[in-house]
Amino acid sequence: MSAAGEPETAAGPLPGDDAPHVLIVDDDRRIRELLKRFLSENGYRVTVAEHASEARARLEGLAFDLIVLDVMMPGENGFDFATSVRRTSNVPILMLTARGDASDRIDGLERGVDDYLAKPFEPRELLLRVGTILRRTRSAGGKAASGAMTFGGCEFNPQRGELRRDGQLVRLTTREVQLLRIFAAHPGQTISRLDLCENEAAERSIDVQINRLRRKVEDDPRNPLYLQTVRGEGYVLMPD
């Protein structure tokens, strides 16, 4: 059943204080209520916001594990709001949009969005996407290598998820931290595109994510020295 319809799900126990906390930002009241009920019935704590300014106020007072963000909102749109969130936070963002063309998906990824879901969608598909993002975030943190990796003027600390370039802290998205942790766990080894993501849809966007990361670690992203492409195989991060 699509997001325009009523989700069919059995009511479960109320989520506890340790349940993942999701912020839904959508100007459509019906969508907000539908997603809030569906996610709550499936074990998530949910807070809703009608527009970007309300969402920003929520973020100032509460900690969230994930943001579900609509693109087309009055005033500040989802793309611009995602950009502003990324200046101060690495919280994962799942973007919802009626737009389905590739340029919009790439725009969202370049602004630090973790995943992209076009409307109309099945509520259960959104539930799967949310679960995948949260599992990937926890898994990346648990598998982090213990020591820092240095390459060029950069130093990445997997445990903290921090990248410094020439001593200055570089702001990373959640997905960029995950990618660097994978590379840090396999220094100098080629990692396939499929191993860098969790499904074929994400595999198609991995090039965008790698290019965005190169702009943060390479002097010349078009001629990378450290985060290199292995043609036909994947990518490798060459440590010092």
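1. In this predicted model, Asp166 counts as exposed, because its relative accessibility is 62% and the cut-off for that class is over 50%. Asp166 sits in the loop that links strand 8 (162-165) to strand 9 (168-170), and its phi is positive, at about 55°, although the residue is not a glycine. Anyone checking backbone geometry may wish to look at this residue together with Gly43, which follows just after helix 1 and also takes a positive phi, of about 95°.

2. As for the overall make-up, the protein has seven helices and 12 strands, and 44% of its 240 residues count as buried. Of the contacts between residues at least 6 apart in sequence, 61% join residues that are at least 24 apart.

3. Strand 4 (residues 93-97) deserves a paragraph of its own, since five of its five residues are buried.

4. The pairing partners of strand 4 can be described next. Strand 3 (residues 66-70) runs parallel to strand 4 and is joined to it by four bridges, with Asp70 standing opposite Leu96. Strand 5 (residues 115-118) likewise pairs with strand 4 in the parallel sense, over four bridges, and here Leu96 stands opposite Leu117. Strand 3, helix 3 (residues 78-86) and strand 4 together form a β-α-β unit, which is right-handed.

5. Is Ser84 buried or exposed? Its relative accessible area is 16%, and because the cut-off for burial is under 20%, Ser84 is classed as buried. A polar atom of the Ser84 side chain lies 2.7 Å from the backbone oxygen of Phe81, and, if neighbours within four places in sequence are left aside, Ser84 is in contact with Arg56 and Glu76.

6. Arg86 also belongs to helix 3, and with a relative accessibility of 8% this residue counts as buried. Its side chain makes a polar contact, at 3.0 Å, with the side chain of Asp114.

7. Helix 1 (residues 29-41) has 13 residues and reaches 18 Å from its first C-alpha to its last, which is close to the 18 Å expected at 1.5 Å a residue. The buried residues of helix 1 are Ile31, Arg32, Leu34, Leu35, Phe38 and Leu39. These residues lie on the same side of helix 1, because they cover an arc of only 170° around the axis. At the start of helix 1, a side-chain oxygen of Asp28 comes to within 2.9 Å of the backbone nitrogen of Arg30.

8. Helix 6 (residues 174-185) has 12 residues and should span 16 Å at 1.5 Å a residue, and the 17 Å between its end C-alpha atoms agrees with that expectation. Helix 6 is mostly covered, with 10 of its 12 residues buried. The buried set is Thr174, Arg175, Glu176, Val177, Gln178, Leu179, Leu180, Arg181, Phe183 and Ala184.

9. Which kind of peptide bond joins Lys119 and Pro120? The bond is cis, with omega at about -5°, and Pro120 is placed in the loop between strand 5 and helix 5 (123-142).

10. Finally, Thr150 is found in strand 6 (residues 149-151) and, with a relative accessibility of 33%, counts as partly exposed. Not counting residues up to four places away in sequence, Thr150 touches Glu155, Pro239 and Asp240. The C-alpha atoms of Thr150 and Arg165 are separated by 9.6 Å, while the two residues are 15 residues apart along the chain.

Technical notes:
Residues numbered from 1 in each chain as written. Predicted model: local features only at pLDDT ≥ 70, side-chain atom pairs only at ≥ 80, totals over all residues. Heavy atoms only, no water. Helix = DSSP H or I, 4+ residues; strand = E, 2+ residues; numbered from the N terminus. Expected span 1.5 Å × (residues − 1). Buried < 20%, exposed > 50% of the residue type's maximum accessible area, 1.4 Å probe, protein only. Arc of directions from axis to C-beta. Polar contact = N/O pair within 3.5 Å; in protein donor to acceptor, adjacent residues only side chain to side chain. Pairing = 2+ DSSP bridges. Right-handed = clockwise from strand over helix to strand, strands pointing away. Contact = heavy atoms within 4.5 Å.
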